[in-house]
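Student: Can you walk me through this protein model? I'd like to ask about a few spots in it.
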Amino acid sequence: MSAWKDVPAADPVPAYRLFTGDLEKPLLDDRQYRVLQLQNGLRAVFIHDPEADKAAACLALTIGHMYDPIDAQGMAHYCEHMIMKGSEPYPDEGDFTSFITANGGAKNGVTGPMSTHYYFSLNPTQLEGGLSRLAAFFYAPLFTESLAAREINAVDSEFKRNLQNDARRLLQLSKHLSVDGHPNRNFGTGNYVSLTDMGRTGDTDGDEASVLRETRRRLVGWWERQYCASRMALAVVGKEPLDALTLLAAPLFSKIASREYEPDPAVKEPFWGPEHRGTIVIVQTVKDVHAFSLQFGLPDLRQHVTSKPAAFLAYFLGHEGVGSVCAYLKKQGWLLNLSAFTSGHTRGPQTFNVDGTLTLKGYLHYDAVLETIFEYIALMRRSFPFPDYHYAEVATMAGIRFRFMQKGQPHEYAVRLARDMSEPYRTDQLISGPYLYRGKDDATVKQLLDSFTPGRAKLFLQAKEHREEIVGKDVQWEAEKWYGTQFAVRKFDEVLLEKLREASSNTELALPSANRFIPTDLSVTKVEVAEPAKFPTLVKRTDISQLWHKKDDQFWVPKAQVRIVIKSPVAYTTSRHALLTGLFVDLIEDALAEVTYDAGIAGLSYAVSSHSEGIDVTVAGYHDKLDVLLRMVLDQLRQLAVQADRLQVMKEKVKRDYDNFYVGQPSNLSYSFATWYLLPRRWTPAEKLTELSSITEGDIERHRDALFSKTFIEVLVNGNFSKERSLELLAIVEGCLQSQPLLPSEIPHPRSLLLPPGSNIITRKRLANPKEVNSALSYFCQFGEVSDIKIRSVAALLHQMIREPCFTQLRTQEQLGYVVIVTNWSIANSTVGVGIRMQSTRSPWHCEARVEAFLEAFAERLSGMTAEEFAMHKDGLVVKKLERVKNLGEETSRFWETICAGHYDFLRNEADAEAIRALTLSEVTAAYNKLIRPSTGAHSRRKLSVQLISQRLTDDVLPPAPTRQAVLIADTQVVGVLDRAAGERESALKARLECAPAVTPVVSAALGVYAGAFDLPPLVIGDVIQGQTESSTDDSAIACPRL
C-alpha cells in the first residue's frame, strides 16, 4: 500500500500529495511533521512546534555553481545575491532584510557546488510575512537592472575578501586540477571579470552599461533554465498547527513555475583523468603552515547512504588513539593534527580525504608520512573483514546520538531538512537518514578500501616557502587563474611510488581496540516541575571555590556539562606568564589527545583554554563516564611531565600561530586591536613571541606549580547530575589541583578602560601581508558601564535599529566592501557601546568618512520614525532577549556566560526586555544624538577608530588632516612588528584613561543561602549612585560617567 495519498484542492490551498507514514524521530522530539509535494513538484516539510519562540523557513534548490555557464563563472552565486533584492509583490530592494531584522530575525543565502539555499528566522507571529516574501523571490523576482552592477560588485568584494584565504585558494586549485570542461572546474564565487566577460563578446558596443545589461539578460535566462519548483524543497518551522502551516505556505509556493526539469540532477562524470592521479601538487600558501591533503576519488555512493561505507573507513583512518596513524606520526614529531572525511556532494564529485597539519620535520619527511598512511591502509586490508565490535560501536553511538538528539536553532533545523529532502533517503527516514547506520556493507567497504592505492591518489603538499630538497632546483611554478595561487604538479617518482605500493608492515600501527567509554547507563532522573528553573543555584561557597548546580528539568537527556574556571593572577602577569600559560594548555591538549580520543567517539568532549584570568576546563557529554574523563583531564593538568620533543613541536606551532594571526582577515584584526585598546593590560602575540625562544621544560613545570599554588575555582554542573553528585565532582576538582585559596584582592577581575566624553581617538597601522588588497576599519562609540540597565538597553536597541540601514547604505548602495557589520560591542563584560566594522579596497579614512555621513543621515531617519516602526524594532529585540534555550548546551553556555561575567544576574534578559519595552523614541533619539551622532555628540560621545591600511593602497590616497578634536595615533608600524615608540604612545594613552568599576554581583535567589555574602551597600560618587543603576529610569542614566 502506498504511503502517499492525493489531497484535493480546498480553496485557497491547492491540491497536493501527502505522505501518510510516520517519520522516524528522536526519542524526545515532540514536534509534529507533515511531508507533502505540491502539484508543481516542490517538496515540503512542515514542522509544528508549539514551544517555538522563533519561526523559520528554508528553501533549498538542487542547483549550484556546477551549473554555471562556462562563460559566466559565478552565475549561481550572482543569482543568489540578486534574487533576494526585490520581487513584484515587494519591490523595495531592502524590504526583506528590513522586515526580518525589525522582527528579531536573521536571513542568508548560500551557494554550494550542487545546491543553493535561502533561509530566515524571525518573531513567530510574523511567519506569514516572511513566507510571503521568500516565495515571491522564486515566482516573481525583479532582477532590477539598476542593481545588476552593484551586486556584481558585491560578488567581486566577496571574492576579494577571500583572495588571501588559504582554504579558498586550495579549494579553487583542487577544482582547477580537474578534467577540462568538467563542471567541477567552475569558479563558484565568481568576480567582476568572470561575470561580465560574456557580456563583452556579444553585441554590446563595448560600453560598460551595455555589458551589464547583457550580463543581467543572461542571468534572467539562466534563472529560467535552472530554477524550477521540481528542484526545490521547503522546510517551515512554526507554532501554528500543521493545517495552518499548510494554509500559509502551500498557496504561496504553488505559484513557482514547474518547468518540468529533472528534479535532482547529478554530475557523475569522472572529474580526474589519468594525468591527475598519482600526482603531487606543491602549493604555496599565504600563511606560514606545513600541511597535506591526500585525496582519493570516490564512485557514486548514493545507493549506499544507509550503510555509509566511506564514513566507516574514515573512522579508522581519522582515529587518534593508540596504534593510529595520528598517534604514530605525533610520536615521530611530524604531525600536529589529522582528520579523515568525505568531501563533496552525493550528487556530485566526492573525494575521500586524509588531511593533516605537519611540523617542519614532518614536511621534510612527507614521504614517510605518506608511507605510514599506506601502511595503515595495508593493515586495514589484512584485517578485513574487521572485527564486529568496530561496526557495532560506530552504529551504537550513531543510534544513541540520534535517540537523544535535542532541538537546535529553528533556522538551522529548517536548512538541514530542506537540504536532506533531495538526498536519497526514504521519506520516513528524512530526519534519521543522515545519522543512522542501517547494516554493514562489507562489499562496498572492501571496494573502496581496495581503491585507496598510490596510483589513484592525489597529494596536495602545502607550505609558504618550499625547501629545495622537497621541490628540486628547477621547479616550474604555475599560477591558478583566479586566486593566483602558485603551484607545481608532478607525478610520484617511481621510487616513492614503489615504496608506497609495498608499504605493509609497521608494528606500531593497530586497529582501534574496544572503546571503554561507550555509555551503558543512559537512564534519566526525571522530576516533573511546574516550570523549568531559569538559573542554577550556588550550592557551595568556600574561600577557594564556588559551585553552581542545576539538575536538568526540561531536556531529559542522559547528559551533563561541567564548566570550570581556575583563576590565578600568575596566568597573565607579564607577556612571559601569558605565553607560558598558553604553551602549558597546548601541551595538556597534546598529551590528552591520544588517551581521550575514545571518549570523543563515545559522545564525551573536553576542552582546556587559557585567558587573562586563568584556565578554563570543560567536560561534557553522556553522564555515565563523565567523571572518569574529568579526572583524566585534571590529573594531566596538575601532573603534566613536559617532554622536550613535544615542547619543541608546540613552540613551533605557537610561533606559526602568532605570526599567522597578523595575516588574518583585516576586519577581524581591526576588531581585535580596537578591543585591546580598551583593556588595561593585553599581551599581543608579537609581545609574547619575544619570550618564546628561551622557554624550557623546567619553565613550563615551574609555571604549572605557580599557577595552581593559589587559586580561586568556580564550577558549574548542569544536566543529569544531582546536587550530591555535583559536590562529588567539586571534590575531584579540588583534590586534583591541591591549591591554596587566593586572597579576595588577588582574584583577577577584568575591567574596561573608559574613554572620556568628547574623545575622538584614531589609530592607524599597516597590514603585514603585502598582497592583501583590503583595508579595514573598526569604529566604536562607547556608551558606558554595562551594569547600567538603561545604557545597555539603549545600546541594544540602537544596534537593532542601525544594523540593516547601515548594511544597505554602505555595502549594497555605496559598494564599499563585502564586510559591513554593526555590533553591540561589549568590552570585558564591563562597558558597552555600538561598533561598525568594515573591510574595503577603499582607504579606511574614506570608509570612516562614509560611516560618519551615514550616522548623520540616520539621525533624520530616527527623528522621523513612526510609532509603529519603533514598536516593531522594540518587539523584535524583545523576541531576541526572551528567546529560550533549545538544548542543554545552549542553557549551559548562557549560565556560564553570566557566571564568568561576575554579575550572576541570570534574569538580566528578562529585565532588559522590560526596560526595552519602556523606552521611548525621544529617549533613544536623545541618546543617539549624545553618544553616536558626530555633529551633536562632539563634546559628549566617546569614539575610537582603528584603521588598518593595505600596503597595496596607492600613495596618492592620502588621509585627511585630523580635526581639532581628534587624537591621532598614526604611525607606520606594520602590525605584528614591535615598535617601542608606538608602544609607548599607546601606553601613554591608556595611562590617561580610567577603568570602569569591576562588576559586582546582583543579589538574587540564585545565590541561595550565600546571598548575604554578596549584599554590598551602594558606593556613592558625587551625585551618581553606582550599584543601584538597575532601577534607573530617567535620562541621567545615559549620561557619560565623569572622569
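Tutor: We'll go through a sheet, a helix pair, some salt bridges and a single residue.

Student: Before that, what kind of model is this?

Tutor: This is a predicted model.

Student: OK, sheet first. In what order do the strands of the open sheet run?

Tutor: The open sheet has 7 strands, in the order S11-S12-S10-S13-S9-S15-S14. The pairing is mixed.

Student: Which strands stand at the edges?

Tutor: Strand S11 (335-344) and strand S14 (478-479) do. Each has a single partner strand, so one side of each is left without a neighbour in the sheet.

Student: And what holds strands together in general?

Tutor: Strands of a sheet pair through backbone hydrogen bonds, and the pairing can be parallel or antiparallel.

Student: Which is it for S9 and S15, parallel or antiparallel?

Tutor: Antiparallel, over 5 bridges. S9 covers residues 279-284 and S15 covers residues 486-491. Across that pair, Ile282 stands opposite Ala488 in S15.

Student: Which helix packs on the sheet?

Tutor: Helix H5, residues 166-176. H5 touches S9, S15 and strand S13 (457-463). The direction of H5 makes about 145° with that of S13.

Student: New topic. How do helices H25 and H30 cross?

Tutor: Their axes come within 10 Å and cross at roughly 85°. H25 is residues 789-813, and H30 is residues 921-931. Angles from 65 to 115 degrees count as roughly perpendicular, so H25 and H30 are roughly perpendicular to each other.

Student: Which residues meet there?

Tutor: From H25, Lys790, Val794, Leu797, Leu798, Met801 and Ile802. From H30, Glu923, Val924, Ala927 and Tyr928.

Student: How many of the contact residues are nonpolar, and how many are charged?

Tutor: The contact of H25 with H30 has 8 nonpolar residues and 2 charged ones, with no polar ones.

Student: Speaking of charge, how many salt bridges does the structure hold?

Tutor: It holds 56 salt bridges. Take Lys943 and Glu848: their side chains meet at 2.6 Å, N to O. Lys943 lies in strand S28 (residues 942-949) and Glu848 in helix H26 (residues 844-863), so the pair ties together parts that are 95 residues apart in sequence.

Student: Is Lys943 buried or exposed?

Tutor: Buried, at 0% relative accessibility. Glu848 is buried too, with a relative accessible area of 7%.

Student: What about Arg908 and Asp905?

Tutor: Their side chains also meet in a salt bridge, at 3.5 Å, N to O. Arg908 is buried, at 11% relative accessibility. Asp905 is buried as well, with a relative accessible area of 11%.

Student: And Arg980: buried or exposed?

Tutor: Exposed, with a relative accessible area of 69%. The side chain of Arg980 forms a salt bridge with that of Glu984, at 3.7 Å, N to O. Both sit in helix H31 (residues 980-991), and being 4 residues apart they are separated by about one helical turn.

Student: Last one. Where is Met380 found?

Tutor: In helix H12, residues 366-382. Met380 is buried, at 0% relative accessibility.

Student: What is Met380 in contact with?

Tutor: Leaving aside neighbours within four places in sequence, Met380 is in contact with Leu313, Phe316, Leu317, Phe386, Leu449 and Leu511.

Student: How are Met380 and Tyr119 placed?

Tutor: They are 261 residues apart along the chain, and 43 Å separates their C-alpha atoms.

Note on methods. Residues numbered from 1 in each chain as written. Predicted model: local features only at pLDDT ≥ 70, side-chain atom pairs only at ≥ 80, totals over all residues. Heavy atoms only, no water. Axes fitted to C-alpha atoms, helices over the stretch in contact; angles between N-to-C directions. Helix = DSSP H or I, 4+ residues; strand = E, 2+ residues; numbered from the N terminus. Parallel < 35°, antiparallel > 145°, perpendicular 65-115°, else oblique. Contact = heavy atoms within 4.5 Å. Nonpolar A, V, L, I, M, F, W, Y, C, P; charged D, E, K, R; others polar. Pairing = 2+ DSSP bridges. Salt bridge = Lys/Arg side-chain N within 4 Å of Asp/Glu carboxyl O. Buried < 20%, exposed > 50% of the residue type's maximum accessible area, 1.4 Å probe, protein only.
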